[in-house]
Amino acid sequence: MISVMVFLPAAGAVFLLFVSGKRTGFIKGFSLGISSGVFLLAVWLFVNFNPYYPLPQFVERARWIGFGLNYHVGTDGISLVLVALTALLSPLALASSFRYIKEREKEFYIMLLLLETGMLGVFVAQNLFLFYIFWEAMLIPMYFIIGIWGGERKLYATVKFVLYTMAGSLLMLVGIFYLWKLSPDHSLYFYRLYSLEIPHQAQILLFLAFALAFAIKVPLFPFHTWLPDAHTEAPTAGSVLLAGILLKMGGYGFLRLAMPLFPEAFRLFLPYLLVLSIVSIIYGAAMAFVQEDAKRLIAYSSVSHLGVVMLGIFALSFRAYMGGIYQMLNHGLSTGALFLLIGMVYERTHTRDMKNLGGLARPLPVLAAFLMVTVLSSVGLPGLNGFVGEFLVFLGTFETNRVAAALAALGIILAAVYLLWMYQRVMQGRAREKFLSLPDMSLREILIMVPLVVLFFWMGLYPGFFMKKFERSARFMMEITQQKYKIISLVNQGGER
């Protein structure tokens, strides 16, 4: 079932190669149908997942290259919720492009489908080499999405994005080769690698290699500079998936690989990682203040909010750890929705410069209502999804490091200011005469936003429904990192050789 879900979008992309580019209506409908089918499969996995079993479920294995480089997929609770997030945002991002993309439409939807396969593959891979293959495969469609359908500085943005990501990935590949050689049976199965005894000096070098790749992807300060350019120049769908999914892969890489594989090195670098997380929170918020481009403001807000996620993961408190994972989901939904709504504003006004906007609530009352709810979700208003994750992160961090919690809380205060200020500048005030006749949200756009808003309230009012799915897996991964017990005996029966 997992393999079908992962490769269905790629199969759809191959099919579209043989469809005439003039049949745009069919191409859009077919692409949306494929992506929606993936979402239904993800829902089936979510419903049938056993939350009381911490190890991967729905496991599928096959001999591939051999020598430990085999095909091995499955999903535990942590990857399950990220797969669900990917499967939800992908069709919404695709549907948001129906009117936005007007050139080379067939190629655009092919790239979106290929990107979806790459994103899903990262979260379900259980073999480190397979993880790396999917990690790198994502770069190709995103490179073309930004480089072909992006804004005026798209070439600069896409080259910067690829160079940053490739620099970290190549170091990670070197580390993978070392682990392959060190493993007694050359197995790169995650749960066998966790039991390896890695020399202290080697742990330090390997942790730096993996951590750099993941810090760039998050992105943590000072590895963040590619993000505002990529977000600003990307088309709406690219920004939604970049913020909603791709950035989460950095945090996922830390908690799945860098921390449990190299726990001694992680403890050694933990103070520096906490500092980088706090700097990211405050610096991202401060930079968001001075932006005039609404999309660039949201990009810097992602730097700040992902700093909160990493603070939760690094705090060494189970409450904060759970909050960090939950906040990954919250950020994916809230920031994805912000990019969707600003994209709708841009389609109507052809500008994202907040100096040239204002008063849009009068001609666009429905869009203004959706934007207000989304801003409040991103700010962390009690009753909405953002509050739960942030509360757990700061509560857990306060238990282990009160200074870090106090400093990071400044970012939450700043977030409320710059996001509400953005809303005021875009939606409030006197409307320009040329904007008074703008059409409000269409039925298609409303249908895109409704499931996101429903999840804002559902995750804010009933977080236990979602947290139950990944609580056991999160506790298991945290205990591995803290080296409280060895797990080799738990995976002998299902391990990969």
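Two residues are said to be in contact when heavy atoms of one lie within 4.5 Å of heavy atoms of the other. In this predicted model, that criterion can be applied to Leu206, a residue found in helix α9. Leaving aside neighbours within four places in sequence, Leu206 is in contact with Gly175, Tyr178, Leu179, Ile198 and Phe262. Leu206 has a relative accessible area of 6% and is therefore buried, since the cut-off for a buried residue is a value under 20%. The chain also brings Leu206 and Ala258 to a C-alpha to C-alpha distance of 8.4 Å, although 52 residues separate the two in sequence.

The largest nonpolar core contains 188 residues, and the members that touch the most others are Phe131, Leu179, Phe254 and Phe314. Helix α15 supplies the largest share of this core, with 16 residues. In soluble globular proteins, nonpolar side chains tend to be buried together. The surroundings of Phe314 can be listed in detail: when residues up to four places away in sequence are not counted, Phe314 touches Leu220, Phe254, Met259, Phe266, Leu270, Leu273, Leu274 and Ser277.

Helix α1, which covers residues 2-16, and helix α4, which covers residues 105-124, pack at an angle of about 160°, and their axes are 8 Å apart. Because angles over 145 degrees count as roughly antiparallel, α1 is described as roughly antiparallel to α4. The crossing of these two helices, α1 and α4, is left-handed. On the side of α1 the contact is made by Ile2, Met5, Val6, Phe7, Pro9, Ala10, Gly12, Ala13 and Leu16, while α4 contributes Lys106, Ile110, Leu113, Leu114, Glu116, Thr117, Leu120, Gly121 and Val124. Sorted by class, the residues in the contact of α1 with α4 comprise 13 nonpolar, 3 polar and 2 charged.

A further left-handed crossing is formed by α15 and α19. Helix α15 (residues 318-349) packs with helix α19 (residues 443-461) at an angle of about 150°, with the axes 11 Å apart, and this angle makes α15 roughly antiparallel to α19. In this pairing, Tyr326, Leu329, Asn330, Leu333, Ser334, Ala337, Leu340, Leu341, Met344, Glu347 and Arg348 of α15 meet Glu445, Ile448, Met449, Leu452, Leu455, Phe456 and Met459 of α19. The contact of α15 with α19 is made up of 13 nonpolar, 2 polar and 3 charged residues.

For helix α5 (residues 128-137) and helix α12 (residues 248-261), the packing angle is about 170° and the axes are 13 Å apart; α5 and α12 are therefore roughly antiparallel to each other. The residues in contact are Leu128, Phe131 and Trp135 from α5, together with Met249, Gly250, Tyr252 and Leu257 from α12. This contact of α5 with α12 has 6 nonpolar residues and 1 polar residue, and no charged residues.

Helix α10 is mostly covered, as 8 of its 8 residues are buried. The buried residues of α10 are Trp226, Leu227, Pro228, Asp229, Ala230, His231, Thr232 and Glu233. These buried residues pack against α6 (139-149), α7 (154-182), α9, α11 (236-246), α14 and α15.

The loop between α9 (200-217) and α10 (226-233) is the place of Pro219, and Pro222 is found in the loop between α9 and α10 as well. The peptide bond from Val218 to Pro219 is cis, with omega near -5°, and the peptide bond from Phe221 to Pro222 is likewise cis, with omega near 5°.

Arg104 lies in the loop between α3 (77-95) and α4, and its phi is near 45°, a positive value in a residue other than glycine. With 52% relative accessibility, Arg104 counts as exposed, because the exposed class begins over 50%. Leu316 lies in the loop between α14 (294-314) and α15 and has a phi near 60°, again a positive value in a residue other than glycine. At 30% relative accessibility, however, Leu316 counts as partly exposed.

Conventions. Residues numbered from 1 in each chain as written. Predicted model: local features only at pLDDT ≥ 70, side-chain atom pairs only at ≥ 80, totals over all residues. Heavy atoms only, no water. Axes fitted to C-alpha atoms, helices over the stretch in contact; angles between N-to-C directions. Helix = DSSP H or I, 4+ residues; strand = E, 2+ residues; numbered from the N terminus. Parallel < 35°, antiparallel > 145°, perpendicular 65-115°, else oblique. Left-handed = near helix turned anticlockwise from the far one by under 90°. Nonpolar A, V, L, I, M, F, W, Y, C, P; charged D, E, K, R; others polar. Buried < 20%, exposed > 50% of the residue type's maximum accessible area, 1.4 Å probe, protein only. Core = buried A, V, L, I, M, F, W, Y, C linked by side-chain atoms within 4.5 Å.
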